[in-house]
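I opened this structure to look up a few things and kept notes as I went. The entries follow in the order I made them.

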Amino acid sequence: MKHYVRLLILSSLLIPFACATAQVKVFACEPEWAELSKILGGKHVKIYRATHARQDPHRIQARPSLIARLRNADLAVCTGAELEAAWMPMLQRRARNPKVLPGKPGYFEATDQVRLLEKPRRLDRTGGDVHAEGNPHIQLDPRRIRRVAAVLAKRLQTIDPKHSNAYQKRWKAFDKRWLDSMARWKQQAKPLQGKTAVVYHREWVYLLDWLAIKRIGSLEPNPGVPPTPSHISKLSSLQKPDMIIMSPLNDKKPATWLRDKSGGRLVTLPHTVGAVGAAKDYFKLFDTIISRLLKSGT
Ligand SMILES: [Zn+2]
């Protein structure tokens with residue numbers, strides 16, 4: 001009996017260790033990719049979240065702790081299109097991990113899998129535009145997320161062929177639930193079609209495109225450039241927007257100022273998973289966005 005108990009203790013110590021070493025170590029640049037990797041990878045992935053929802057992914061410091069995490073990663077899942085231009089290339093240089101370099105299976109860029117909106121015809125960085133390669137904020141378009149999920153599931157299969165069937169199964173389950181949810185969201189959001197919006201940063205462009213809401217201006221004169229009084233004045237002389245959309249990261253002052261001058265409703269929406277308490281997973285994120293838009297735009 002004593003021997004049996006000892007064996008039991010020993011095996012219970014060994015089994016979690018064996019599982020832990022077999023997991024794919026994912027370095028997720030933004031919360032939305034951590035969430036998608038978790039949905040598709042389940043117990044076969046171990047996720048490190050490089051940034052959280054209260055950080056601006058355009059402006060992250062290449063801290064030593066991030067370098068150490070990337071050094072041990074099997075797969076880095078990022079947005080790309082220069083969203084992480086200020087920190088990811090530096091991390092990749094310093095981490096010296098050949099698995100996660102551009103062009104390797106261990107480096108996945110979500111924007112590489114879809115067509116981007118606002119792609120400039122010529123490269124122009126004057127005025128501090130941080131979207132010089134096109135709008136990188138695809139995380140708010142369920143159609144593009146569906147495509148990204150399909151390719152990411154395949155990538156996990158390539159990196160961890162032993163669990164190929166599990167990834168395929170998880171992707172299929174996600175895709176079914178996602179398609180059902182997309183149809184429901186679209187139906188719920190019908191009253192929003194044709195409404196007009198001024199956005200703070202242009203991270204809402206894909207969402208508005210999906211919901212057929214018309215963007216009539218942005219509080220930032222150029223992506224990443226803070227609103228100026230003259231720009232707000234110009235905006236307020238245009239048509240009255242139905243809504244002014246900002247994220248919890250934005251400065252409320254210029255948005256309130258525009259609201260007071262031009263009218264329309266000011267609505268703060270979660271821009272990623274976890275940005276507000278009600279947006280704790282990818283499905284809840286869109287539930288929250290749609291319900292907040294309906295409250296403010298109808
Ligand atoms: Zn941006």
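**Entry 1: valine 24.** I looked up valine 24 and found its place in strand β1. The model is predicted, and I read every entry below with that in mind. Is valine 24 buried or exposed? Valine 24 has a relative accessible area of 4%, and the cut-off for buried is under 20%, so I noted valine 24 as buried. I then listed what valine 24 touches, leaving out residues up to four places away in sequence. The list holds His44, Val45, Lys46, Asp74, Leu75, Leu156, Ile159, Asp160 and Tyr167. I also looked up a pair: valine 24 and isoleucine 47 are 23 residues apart in sequence, and their C-alpha atoms are 8.3 Å apart in space.

**Entry 2: the disulfide.** How many disulfides does a search of the whole structure find? I got 1. Cysteine 29 and cysteine 78 form this disulfide, with 2.0 Å between their sulfur atoms. Cysteine 29 sits in the loop between β1 (24-28) and α2 (31-41), and cysteine 78 sits in strand β3 (residues 75-78), so the pair ties together parts that are 49 residues apart in sequence. I checked the accessibility of both partners. Cysteine 29 is buried at a relative accessible area of 0%, and cysteine 78 is buried with a value of 0%.

**Entry 3: valine 77.** I moved to valine 77, which is found in strand β3. Valine 77 is buried, and its relative accessible area is 0%. What does valine 77 touch, not counting residues up to four places away in sequence? I wrote down Val26, Phe27, Ala28, Cys29, Trp33, Ser37, Phe108 and Leu152. Cys29 on that list is one of the two disulfide partners. Trp33 and Ser37 are among the buried residues of α2. I also noted that valine 77 and tyrosine 107 are 30 residues apart in sequence, with 6.4 Å between them in space, C-alpha to C-alpha.

**Entry 4: helix α2.** How many of the 11 residues of α2 are buried? I read 10, and α2 is mostly covered. The buried residues are Pro31, Glu32, Trp33, Ala34, Glu35, Leu36, Ser37, Ile39, Leu40 and Gly41. Just after α2 comes glycine 42, with a positive phi of about 55 degrees.

Entry 5: Most residues other than glycine have a negative phi, so I looked up two exceptions. Alanine 81 has a phi near 50 degrees and is found in the loop between β3 and α4. Arginine 96 also has a phi near 50 degrees, and its place is the loop between α4 and β4. Which of the two is buried and which is exposed? Alanine 81 counts as buried, at 5% relative accessibility. Arginine 96 counts as exposed, at 72%.

**Entry 6: the largest pocket.** I looked up the volume of the largest pocket and got about 360 Å³. The pocket is lined by 27 residues, and Asp56, His58, His201, Leu249 and Asn250 are the closest to its centre. By class, I noted 8 nonpolar, 12 polar and 7 charged residues in the lining. Which domains give at least three residues each to this lining? Domain 1 (22-183) and domain 2 (190-297) both do.

**Entry 7: the second largest pocket.** The second largest pocket has a volume of about 270 Å³. I found 20 residues in its lining, with Gly80, Ala81, Pro102, Tyr107 and Glu109 nearest its centre. Which elements give two or more residues to the lining? They are α4 (88-95) and β4 (107-109). The lining divides into 9 nonpolar, 4 polar and 7 charged residues. Ala81 was already in my notes for its positive phi, and Tyr107 for its pairing in space with valine 77.

**Entry 8: the whole protein.** I ended with the totals. The secondary structure comes to 10 helices and 8 strands. The protein has 298 residues, and 50% of them are buried. Among contacts with a separation of 6 or more, 64% are between residues 24 or more positions apart.

How values were computed
Residues numbered from 1 in each chain as written. Predicted model: local features only at pLDDT ≥ 70, side-chain atom pairs only at ≥ 80, totals over all residues. Heavy atoms only, no water. Disulfide = S-S within 2.5 Å. Helix = DSSP H or I, 4+ residues; strand = E, 2+ residues; numbered from the N terminus. Buried < 20%, exposed > 50% of the residue type's maximum accessible area, 1.4 Å probe, protein only. Contact = heavy atoms within 4.5 Å. 1 Å grid on protein atoms, 1.4 Å probe; cavity = no way out; pocket = protein on both sides within 12 Å on 5 of 7 lines; lining within 4 Å. Points joined across faces, edges and corners; volume = space filled by probe spheres on them. Nonpolar A, V, L, I, M, F, W, Y, C, P; charged D, E, K, R; others polar. Domains from an automatic or database assignment.
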